[in-house]
Amino acid sequence: MPSFDIVSEVDKHQLTNAVDQVNRTITNRFDFKGVDAEVEMREFSLTLRAESDMQVHQMVDMLRAALIKCNIDPLAMEVGEEEQSGKQVKVGVTLKNGLDKDLSKKIVKIIKEEKLKVQAAIQGDSVRVTGKKRDDLQQVIAMLRGKELEQPLQFNNFRD
């Protein structure tokens, strides 16, 4: 039976490239000359540090642009609150990797409401969709691409 998986993954290599691009841009930009500002990365969480909140907001915009260039959907980016510590302003940014239970349930509900002849099952941090016809699966993919969800989706492991 044909099937595919719905996942939400961030390519770590591309994320590293985007962070490196932002750090390079910071060192080259005129308005950041002599400013202690950088982006630190640990797994899928980033810390943006600068001397003023305006510079941190510019860094968030630079990061968003760099993610787009590296084919990472900026919807995966979740910007935290600003923290003032001494002369530094910090902002934490986490990248959503994997589907959480609530979003998985919402996706299954959306698929069932369409009344297509497919079955959707939650499997850890992904949703597997199976059906008898390949066309039904392609309809599900097209329908989910048209929906506005809070996280970017990828469709992989398509088996016929």
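In the predicted model described here, serine 3 is placed in strand E1, which spans residues 3-7, where strands (E, at least two residues) and helices (H or I, at least four) are DSSP runs numbered from the N terminus. Residues are numbered from 1 along each chain as its sequence is written, and side-chain values use heavy atoms, with hydrogens and water left out. Because the model is predicted, local features need pLDDT of at least 70 and side-chain atom pairs count only at pLDDT 80 or more, while totals for chains, interfaces and linings use all residues.

With a relative accessibility of 8%, serine 3 counts as buried, the term standing for under 20% relative accessible area, as against exposed for over 50% and partly exposed for values in between (1.4 Å probe, protein chains only). When residues up to four places away in sequence are not counted, serine 3 touches Arg128, Val129, Thr130, Leu137, Asn157, Phe158 and Arg159, contact being defined as heavy atoms within 4.5 Å.

Isoleucine 141, which is placed in helix H4, is likewise buried, with a relative accessible area of 12%. Its contacts, with residues up to four places away in sequence not counted, are Phe4, Phe155 and Phe158. Although isoleucine 141 and isoleucine 6 are 135 residues apart along the chain, their C-alpha atoms are separated by 8.8 Å.

Two residues of the loop between H4 and strand E8 were examined. Leaving aside neighbours within four places in sequence, glutamine 151 is in contact with Ser8, Lys96, Asn97, Gly98, Asp100 and Leu103. Leucine 153, also located in the loop between H4 and E8, counts as buried at 18% relative accessibility. Leucine 153 touches Ile6, Val7, Leu99 and Ile107, residues up to four places away in sequence not being counted, whereas its C-alpha atom is separated by 28 Å from that of valine 56, 97 residues apart from it along the chain.

The axes of helix H3 (residues 101-113) and helix H4 (residues 134-146) come within 11 Å and cross at roughly 120 degrees, the axes being lines fitted to C-alpha atoms, for helices over the stretch in contact, with angles running from 0 to 180 degrees between N-to-C directions. H3 and H4 are therefore oblique to each other, since angles under 35 degrees count as roughly parallel, over 145 as roughly antiparallel, 65 to 115 as roughly perpendicular and the rest as oblique. H3 passes H4 in a right-handed crossing, that is, one in which the near helix is turned clockwise from the far one by less than a right angle, anticlockwise being left-handed. The contact is made by Ile107, Ile110 and Ile111 of H3 together with Val140, Met143 and Leu144 of H4. By class, the contact of H3 with H4 comprises six nonpolar, no polar and no charged residues, where Ala, Val, Leu, Ile, Met, Phe, Trp, Tyr, Cys and Pro count as nonpolar, Asp, Glu, Lys and Arg as charged, and the others, Gly among them, as polar.

For helix H1 (residues 12-28) and helix H2 (residues 53-69), the axes come within 9 Å and cross at roughly 135 degrees, which makes H1 oblique to H2. The crossing of H1 and H2 is right-handed. On H1 the contact is made by Leu15, Ala18, Gln21, Val22, Thr25 and Ile26, and on H2 by Met59, Met62, Leu63, Ala66, Leu67 and Lys69; by class, there are nine nonpolar, two polar and one charged residues. Lysine 69 of helix H2 counts as exposed at 65% relative accessibility.

Most residues other than glycine have a negative phi. Glutamate 43, in the loop between strand E2 (38-42) and strand E3 (45-50), has a positive phi of about 55 degrees although it is not a glycine, and is exposed, with a relative accessible area of 52%. Lysine 115, in the loop between H3 and strand E6 (118-123), also has a positive phi of about 55 degrees without being a glycine, and counts as exposed at 73% relative accessibility.
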